[in-house]
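Trainee: I have a new structure to look at, and I would like to learn how to read its features. Could you take me through them one by one?

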Amino acid sequence: MASPAGSVSHEKLKDWKQKASDCIDEAKDKLYALSSDIWRCAELAYEEKQSHDRLVRFFAEEQKWTVEGHYTLETAFRAIWGPVGGKEGDSVVNIGFLCEYDALPGIGHACGHNLIAEVGAAAALGLQGVLESVSDCPVRVKVTVLGTPAEEDGGGKIDMILAGAFEDVDVVFMAHPAQEDAPYLPDVAEHDVTVRYHGKASHAAAYPWEGVNALDAAVLAYNNLSVLRQQLKPDWRLHGIIKHGGVKPNIIPAYSELEFYLRTPMRKDLPAIRSKAEMCFRAAAMATGCQVEVQFAKHEYHNILRNTTLDGLYKENGEALGIKFTTDQEVLSTSSGSTDFGNVSYVVPGIHPYFYIGTEALNHTEEYTAAAGAEKAQSYTLRTAKALAFTALDVLFRPGVLQQVRAEFTEARLREEQGRKRREGGDGSEPRHCGGAAALH
């Protein structure tokens, strides 16, 4: 970690924020072009080759950025600017911005990841513009943009954490499109599971008694989990689909496959819901005589470890820019989706606010896809990028802020670790589930 950041006067910091805003406005046309290009090519997790290349080209065309394509993953990248400022030998404060750019099958950018990429790029350019314009920067600063693929399926950020991509980053920023503006919403922990039943084919009319029906097993498992919901905590979630149920009605299905997502507000509860769900899957196999494979995904997504210091700064900066943050307590307290940014928040202090893009449409719908590509979303997107850049400037140059961010992060991680050890009897080991080998998804 770098040494504590320096401080500047309130008036100078205000001027620097205006400079960041001006730099983002000056780049608005090329930022919209970047977002539009990513929106149009809409690639799935780990397959974002055109989006990767477009973002690499974007930063390569900017002055003084060092860009590494295919960084730790085939469709990830890293762009670095700096370090600048401070004194020779000073530690570097590395400010990170994240870009997501994977889409959803069938409906494209229905979660607005093209706008996430634009926000990350815009905020980075805003911060760069300020740091280039000052000759007396008291802090030695580096700006890092990480392109993080496969948020929708697989967890690219987790792959990158394991590869060391976040090791020298001090604070990390990104923002996600939604139906309202909020500095924080409680994204939940999540683990995917794929279940495969193997039975025996037979003629369904002539001699069904010779078959072992894998579809029956899938239906029983689906219903088992539906019944299980009655015994789950109110804020736990499990939901899934039958991906394969046979090939023809007059053939006893020899194979079926389900995919389920298991979610809890805190990662500490994932082992419990995994265990309950797995018993439902295996009971269906026992009842039908099928063989079963239960394969949990390679990665689980963690809940976001909240940093209220960063949340407060972002809210303050957003309000100064005219953002009207939601005060609806149901929205602010209700668990939402899941993100691999949660895993990042356990290794680097960061922020993952949500922003309105000019539509009431819900994420993961065709209507949201259209809204994410519309010019109407641009003013909201760039305003959010400015709020992130302003917050980064506060972290760098307001007295004591970086130390406070770090202290809160350390305390939150310590509470989490102590709670985990209490639950597990003090040895730090997680309860084991009975699933098969982990599978990519």
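Trainee: Over which residues does pLDDT stay under 50?

Mentor: pLDDT is the predictor's confidence in each residue, from 0 to 100. In this predicted model, pLDDT stays under 50 over residues 427-441. For that stretch the model has 34 contacts beyond four places in sequence, a contact being heavy atoms within 4.5 Å. For the protein, the mean pLDDT is 93, and 94% of the residues reach 70 or more.

Trainee: How many disulfides does a search of the whole structure find?

Mentor: A disulfide is a covalent bond between the sulfur atoms of two cysteines. The search looks for a pair of cysteine sulfur atoms within 2.5 Å, and over the whole structure it finds zero. Take cysteine 41: its nearest cysteine sulfur belongs to cysteine 99 and is 14 Å away. Cysteine 99 is likewise in no disulfide.

Trainee: Is cysteine 99 buried or exposed?

Mentor: Relative accessible area decides that: buried means under 20%, exposed over 50%, and partly exposed in between, with a 1.4 Å probe and protein chains only. Cysteine 99 counts as buried because its relative accessibility is 0%.

Trainee: Now the strands. Which strand does S1 pair with, and in which sense?

Mentor: Helices (H or I, at least four residues) and strands (E, at least two) are DSSP runs, numbered from the N terminus. Two strands pair if DSSP finds at least two bridges between them. Here S1 (residues 65-69) pairs with S2 (residues 77-84) in the antiparallel sense, over five bridges. Within that pairing, threonine 66 stands opposite isoleucine 80 of S2. S2 also runs antiparallel to S4 (residues 140-147), joined to it by six bridges, and arginine 78 has leucine 146 in S4 as its bridge partner.

Trainee: What about the backbone angles in this region?

Mentor: Look at S2 again, where proline 83 lies. The peptide bond leading from glycine 82 to proline 83 is cis, with omega near 5°. In the loop between S1 and S2 you will find threonine 72, whose phi is near 70°, a positive value in a residue other than glycine. Threonine 72 counts as partly exposed, because its relative accessibility is 35%. Alanine 150 also has a positive phi, near 60°, and sits in the loop between S4 and helix H5 (156-162). Alanine 150 is buried, since its relative accessible area is 0%.

Trainee: Which side chain does the side chain of lysine 386 make a polar contact with?

Mentor: A polar contact is a pair of N or O atoms within 3.5 Å; within protein, one must be able to donate a hydrogen and the other to accept it, and residues adjacent in sequence count only if both atoms are side-chain atoms. The side chain of lysine 386 makes one with the side chain of aspartate 25, at 2.9 Å. Lysine 386 belongs to helix H12 (residues 377-397) and is buried because its relative accessible area is 12%. Leaving aside neighbours within four places in sequence, its contacts are Ser21, Ile24, Asp25 and Leu321.

Trainee: What does threonine 384 touch, beyond its neighbours within four places in sequence?

Mentor: Threonine 384, also in helix H12, is in contact with Val119, Ala175, Tyr314 and Phe355. With a relative accessible area of 1%, threonine 384 is buried.

Trainee: How far apart in space are aspartate 15 and valine 130?

Mentor: Their C-alpha atoms are 9.3 Å apart, although 115 residues separate them in sequence. Aspartate 15 lies in helix H1 (residues 10-26). By contrast, valine 395 and cysteine 290 are 105 residues apart in sequence and 57 Å apart in space, C-alpha to C-alpha.

Trainee: Where does UniProt place the "Peptidase M20 dimerisation" domain?

Mentor: UniProt positions use the numbering used here, feature names are shortened, and annotations may be inferred rather than shown by experiment. The unreviewed UniProt entry places this domain at residues 193-282. In the model, that span is 31% helix and 27% strand, and its end C-alpha atoms lie 13 Å apart.

Methods. Residues are numbered from 1 along each chain as its sequence is written. This is a predicted model: local features need pLDDT of at least 70, side-chain atom pairs count only at pLDDT 80 or more; totals for chains, interfaces and linings use all residues. Side-chain values use heavy atoms; hydrogens and water are left out.
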